[in-house]
Amino acid sequence: MPFKSTARGWRLVIFLAGLLLLPSVAMAELADDLQGLRGGSYDAKGAAVERLVAGGDERAVPVLEAFLDGRLFLTDGEERMVIGEDSAGGYRIFDALSGEALGEVGKRDVSKIKINNKLRQLVKGSLGALTLGSKDRAARLRAADAVFRSKPADMIPALESALEKESDPAVEARLRRALAATQLANSDNKATRIAALQELAKFTDPQIRSLAAAVLVTDGAGNPTEPDAEVRAAAEETLKAIEQGLAFNSFLANIFQGVSLGSVLLLAAIGLAITFGVMGVINMAHGEMVMLGAYTTFLVQEVFRASFPTASDYALLVAVPAAFLVTGAIGVGIERGVIRFLYGRPLETLLATWGLSLVLQQAVRTIFGPTNREVGNPSWMSGAWEVAGGLTLTYNRIWIIVFAMLVFALLMVLIRRSSYGLQMRAVTQNRPMASSMGIRTGWVDAMTFGLGSGIAGMAGVALSQIDNVSPNLGQGYIIDSFMVVVFGGVGNLWGTLVGALSLGLVNKFLEPYAGAVLAKIFILVAIILFIQKRPRGLFALRGRALES
Amino acid sequence: MKSLFRGAMSAAAFAAALAGGSAVQAAEVIKVGVLHSLSGTMAISESTLKDTVLMMVDDLNKKGGLLGKQVEAVVVDPASDWPLFAEKARELIEKEKVDVVFGCWTSVSRKSVLPVFEELNGLLFYPVQYEGEESSRNVFYTGAAPNQQAIPAVEYLMGDDGGGAERFVLLGTDYVYPRTTNKILRAFLNAKGVSDEDIMENYTPFGHSDWQTIVADVKTFASQGKKTAVVSTINGDANVPFYKELGNQGIKAEEIPVVAFSVGEEELAGLDTGPLVGHLAAWNYFMSVEADVNDTFIEQWHAFIGDEKRVTNDPMEATYIGFKMWAQAVEQAGTTEVNAVRQAMYGQKVPNLTGGMAVMNTNHHLSKPVLIGEIQDDGMIETVWSTDAEVVGDAWSDFIPESAKLTADWTYPWVCGNCEEPKYVKY
């Protein structure tokens, strides 16, 4: 096959010249090695990848990247190796060697060249090797990490020369880490191994811990696999240093997880704190308001994807007010249509709202289908912030904590500072008196129920980011919400905040010891006992509505 | 609703037929019961299987029905409520007089209907992978037994291609299927020389949504110097938040692969699978498998359901195979009478959707190929390993000492379902 070295406009890859100096490898050889990728077994493909990297021809890189992303195909029939890009009808395909555009094909007209985890790691490491000298700092960081993960023995000289040239301290640290790990994994030299272990002790990271621990692994008979006692001692030192750091980090991580769970509970419960806590309505359909909020998010996202695909990262910002309005309106409808006839009859309210929740669930199931709907995480909510080894804070959780606090603060302002809030508190504390002062209590009731439902809908937006968007979404939260409100003290928003956070923290500190199932049971029992002692919860509110 | 109504109509016709003898034989229909949850937690998975059975019935009728009669589906909704499954099963057999039932998903629902089918001598086709350790003459298990899914998957993880795992985290939902499967896996791993300290077991409630601690624990467990893999028997809705947390905490499949036994194309449809590429699933069928019979099935499904985006999955294939086998057995026996159909079932062959041939064995389990696949960024699962030949399903696990002795063989009259020595049994 003729080989043209055309520059590929759609892909820019930069290489380390010092590493890959062999300038002109026979083209036929490259073509042969590429053809090796189609090989029947994964071992054959792996061997082809290794030959490609050893050949050092930069033109192999786009092919390897396509292989990694699952975009490398063979056409049916003539079995030409092509790279595919998604298009409306299937794939736009390009010849893997020459980059020549070959038009569009349907998805079933080409078959993918398969890759598995082992190969993926090999390719990532190899690509890392080819990009260690990239001018792009992020690319160098990625390359150093890729080498750290795959630890190929023949990379040691390349790492050493890259280290000499490196000026950026962050990249240098990663390169040192990669070098030490690669030396530890491949070298038999005692001094090199000890030096590598000492270097690794500087990094507080579970993966490094794993490397050091691997030195201390014993075989079936209990004999150490590492023959040298000094190396073992160095590994133990390293382990000890890392473990101290990890223990502290895991404590911090536990607190974060507790606060995060607490903020989810707070979001789910805060709407209920208004409908149940302030108005005294046992609202079993509260969970369904959360669910409807999540489905509103789904609809908004679909509209964005269809109409403004470039702005779909911001769909959530629109979904928040949309969910509030939709569920708020439904809430007002429920209050006017059902609940206002049932004030003062808690049992009937309970049954009516329970029935409503079933109706809403089945309605959603009929309209949207019983299967889960996919709500994507926007890019600013994906991934995690690696604060330190063993302490990774996921962005979606961070944003949910922020969102929960924001909602709480806004609600406090609304209730404390606005005239509507004043009326609401007046109606709660003494309905006949408020009514005789000229407050339209019926209107206040409807608005309050709408507010509680609207906030539940906003919680649904947040929950769509971490949980299933399915008709059952709400059911999972209704019990927890009631628990939080009752524990915190009915009718008191601060109580809900403290209740939610403390339940979240206690749960997360219990879970590692007791397991998720037992932790839940334990908390339930603890709350039952607590309510025996303090029937009004943590913060009891005095008001006429509650006296009766 | 329509089929319910028609069901009632045909029940009346059937009663008339009984009364009037063979005069109204032509009006008679063959009735197929469908016992899948259409509401509640399991609706997400089970309603698809209801549609699959309806599609098969439709297809059969277009080809002229069975024994010259039309086939009719009677659909009931047990609403993810386990005791209700038993009531609905009784209703199907006693009141609707169905000839066969396709149904159940969770093991707990199957355990709940089992006594009803045995008492009334009904026939149930159960289409989902399960924990084994059960053998009933009234149930045909068309999903995978542990030796057709769990054991090969763990062997793959321990092997060179799977990364050579030496430490295992067994995550599961807290009920009978995960606990039994993990009991078998632990025995298997111990037999392979993996000590108990290299195995971590963790159970979570149905619908668990906060996976932060558990995923962090897995990371810590994996940092002890040995290659670690996760075996997940997490069921239903809890999978979505679990995989989201995995993706966000950056657990890469190359470092800690997660192999799942209850996650198929349908469950992945609610997820952005970009961060999950490379995590594994073990089944007997993947939608991505390239075979002509599979393409035909997918086209048929899309045409029936009227939505090009709907996916197919393993329990659908199991329903497909079960239905075809039952139809063949009825054709061969010349009647829908349960005892005759049961005898005719043994040795029935139906082409697998992945190529090859599924065979019904006398232990009421199928011979099927085992596939291990990796999740792709388009939500499909791509086969990376498969058995060379079909594997015979094993009702009683060889790795649990007290079960290893038991055999399941329902060839009458010398039968043995749950015993060591066959007994002479008349119908």
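Reader: What makes up the area buried between chain B and chain A, and how much is it?

Author: In this predicted model, the area buried between chain B and chain A is about 4,500 Å². Carbon and sulfur atoms give 42% of that area. On the side of chain B, Gln212(B), Asn248(B) and Glu254(B) lose the most area to chain A, and together they account for 15% of what that side buries.

Reader: How many residues of chain B and of chain A are said to be in contact, and what makes a contact?

Author: Happy to spell that out. Heavy atoms have to lie within 4.5 Å. By that rule, 60 residues of chain B are in contact with 56 residues of chain A.

Reader: Why is the pair Glu254(B) and Lys124(A) called a salt bridge?

Author: The closest N and O atoms of Glu254(B) and Lys124(A) are 2.7 Å apart. The cut-off is 4 Å between a side-chain nitrogen of Lys or Arg and a carboxyl oxygen of Asp or Glu, so the pair qualifies as a salt bridge. The count between chain B and chain A is seven salt bridges. The rule for polar contacts also finds 23 residue pairs across this interface, both residues being at pLDDT 80 or more.

Reader: Which elements of chain B give residues to the side that touches chain A?

Author: Those with two or more residues there include helix H2 (43-62), strand S7 (199-204) and helix H7 (212-221) of chain B. H7(B) gives the most, with six residues. By class, that side of chain B has 22 nonpolar, 18 polar and 20 charged residues.

Reader: How do you know that Lys118(A) and Asp43(A) form a salt bridge?

Author: Good one to check against the rule! Their closest N and O atoms are 4.0 Å apart, and the rule asks for within 4 Å, so the pair is counted as a salt bridge. Lys118(A) sits in helix H4 (residues 117-131) and Asp43(A) in helix H2 (residues 42-55) of chain A, 75 residues apart, so the pair links distant parts of the chain. Over all chains, the structure holds 43 salt bridges.

Reader: What makes Phe248(A), Phe251(A), Leu252(A), Ile255(A) and Phe509(A) a nonpolar patch?

Author: Members need over 30% relative accessible area and no salt bridge, with nonpolar side chains joined within 5 Å. These five residues form such a patch on the surface, with about 420 Å² of accessible area together. Helix H10 (residues 229-278) of chain A gives the largest share, four residues. Phe251(A) is found in that helix.

Note on methods:
Residues numbered from 1 in each chain as written. Chains lettered and ligands numbered in written order. Predicted model: local features only at pLDDT ≥ 70, side-chain atom pairs only at ≥ 80, totals over all residues. Heavy atoms only, no water. Buried area = accessible area lost by both parts, 1.4 Å probe. Polar contact = N/O pair within 3.5 Å; in protein donor to acceptor, adjacent residues only side chain to side chain. Nonpolar A, V, L, I, M, F, W, Y, C, P; charged D, E, K, R; others polar. Patch = residues over 30% accessible without salt bridge, like charges linked within 9 Å, V, L, I, M, F, W, Y side chains within 5 Å. Areas by Shrake-Rupley, 256 points an atom, 1.4 Å probe, with all protein chains shown as cover.
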